[in-house]
Protein chains: 2
Amino acid sequence: MTATPPPAAQENTEENWLRLDSQICFSLHAASRAFNGVYRVILKELGLTYPQYLVLLVLWEHGELPVKKLGEHLRLDSGTLSPLLKRLESAGLVRRERSSRDERSVEIRLTEEGTALRRRALRVPRRIVAATGFGLDEIQELREHLDQLTSALDAAALEGAPEHD
Amino acid sequence: MTATPPPAAQENTEENWLRLDSQICFSLHAASRAFNGVYRVILKELGLTYPQYLVLLVLWEHGELPVKKLGEHLRLDSGTLSPLLKRLESAGLVRRERSSRDERSVEIRLTEEGTALRRRALRVPRRIVAATGFGLDEIQELREHLDQLTSALDAAALEGAPEHD
DNA sequence: AGCCATTTAGTTGTGCACAACTGAGTTGTG
DNA sequence: CACAACTCAGTTGTGCACAACTAAATGGCT
């Protein structure tokens, strides 16, 4: 029962596609979580989670931003960012202030403490890269593939799921 | 203020490392979520989430398994799996039964319905691969890089964070 | 047998991702 | 001006990831 009839290795069966899918699924899922795990360990010293670190990276680079812009940089919506930013605020790293020019929007800006944290964060990337065991060029190459993947997937996602074969 | 002093492009400064880090961070994080998003859309028709699909992939391939083994395949612990499996059970796709040989362990096995769902799931991978816009060999290559990354990161994570420079 | 370390699931609590919704503020149009 | 459409942040609810813990069962040891 549950047969899984012998799928004859290299044949182009749906069975084999499913097997391949499980492999790439697992790989990406696992890589993402492994990456997350290494950051978790390292960022713990800074009192940050990985997504919080991503937010700070954007703020360190761009200075003050409304929540909307922050979300565009990170592809995250207010449902994720609002509570995260509150936590960063209560940690004393950012302030949230209603824009006076547009009362709908909230400007996120770094506090002194948030700005200062950048100094300590400078030591993070080197350790991450070391943990991957990859060279810089390998990382760049992987990054390009991932970006390619992301834009292809984003484009496909926009079409909902209207096609089937 | 917040200077970000001109980091002179290709120099090996911490500034540049941080910039690179933000790039690879964003890329992997975004790729993972984009992938997740495409699966979300497609799996919705099957009434599954992405992690639930991963669990079923393992069960379809290996048949009945204790929670522990399932967790090893997926690198997930009982804190994640227990509630997930309960949801799969109440969806009628799996059953959870205490092993009689070892009362500590719980065997997860597919119901008729869970087994039958495989037929419908066979159409998923083809659509995913199509969505990536990648060829099979590119996918395999990417997968190998990701696996390499994962094992390097896992190894590094085991050492906690004892080293710095 | 009694005791202790280990193994296995499960629970609790925190944080993120995302869909669906709310509500205030803004803009366009008649 | 009035009103509809839209924008933006926030809230709610569901599900996953993971750390820390609990509780029961097992196996080794004396």
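## Surface and basis of the model

Chain A exposes about 8900 Å², of which carbon and sulfur atoms supply 50%; accessible areas come from the Shrake-Rupley method with a 1.4 Å probe, and for residues only the protein chains shown count as cover. This is a predicted model, in which local features need pLDDT of at least 70 and side-chain atom pairs count only at pLDDT 80 or more, while totals for chains, interfaces and linings use all residues. Residues are numbered from 1 along each chain as its sequence is written, chains are lettered from A in the order in which they are written, and side-chain values use heavy atoms, with hydrogens and water left out.

## Fold of chain A

Seven helices and three strands make up the secondary structure of chain A, in the order α-α-β-α-α-β-β-α-α-α from the N terminus; helices (H or I, at least four residues) and strands (E, at least two) are DSSP runs. Of its 165 residues, 46% count as buried, that is, under 20% relative accessible area, with exposed meaning over 50% and partly exposed in between.

## H29(A) and chain B

H29(A) lies in helix α1 (residues 14-44) of chain A and counts as buried at 17% relative accessibility. Leaving aside residues up to four places away in sequence, H29(A) touches Y50(B) and L54(B), where contact means heavy atoms within 4.5 Å.

## Helix α7 of chain B

E144(B) lies in helix α7 of chain B, and this residue is partly exposed, with a relative accessible area of 48%.

Definitions and conventions
Buried means under 20% relative accessible area, exposed over 50%, partly exposed in between (1.4 Å probe, protein chains only).
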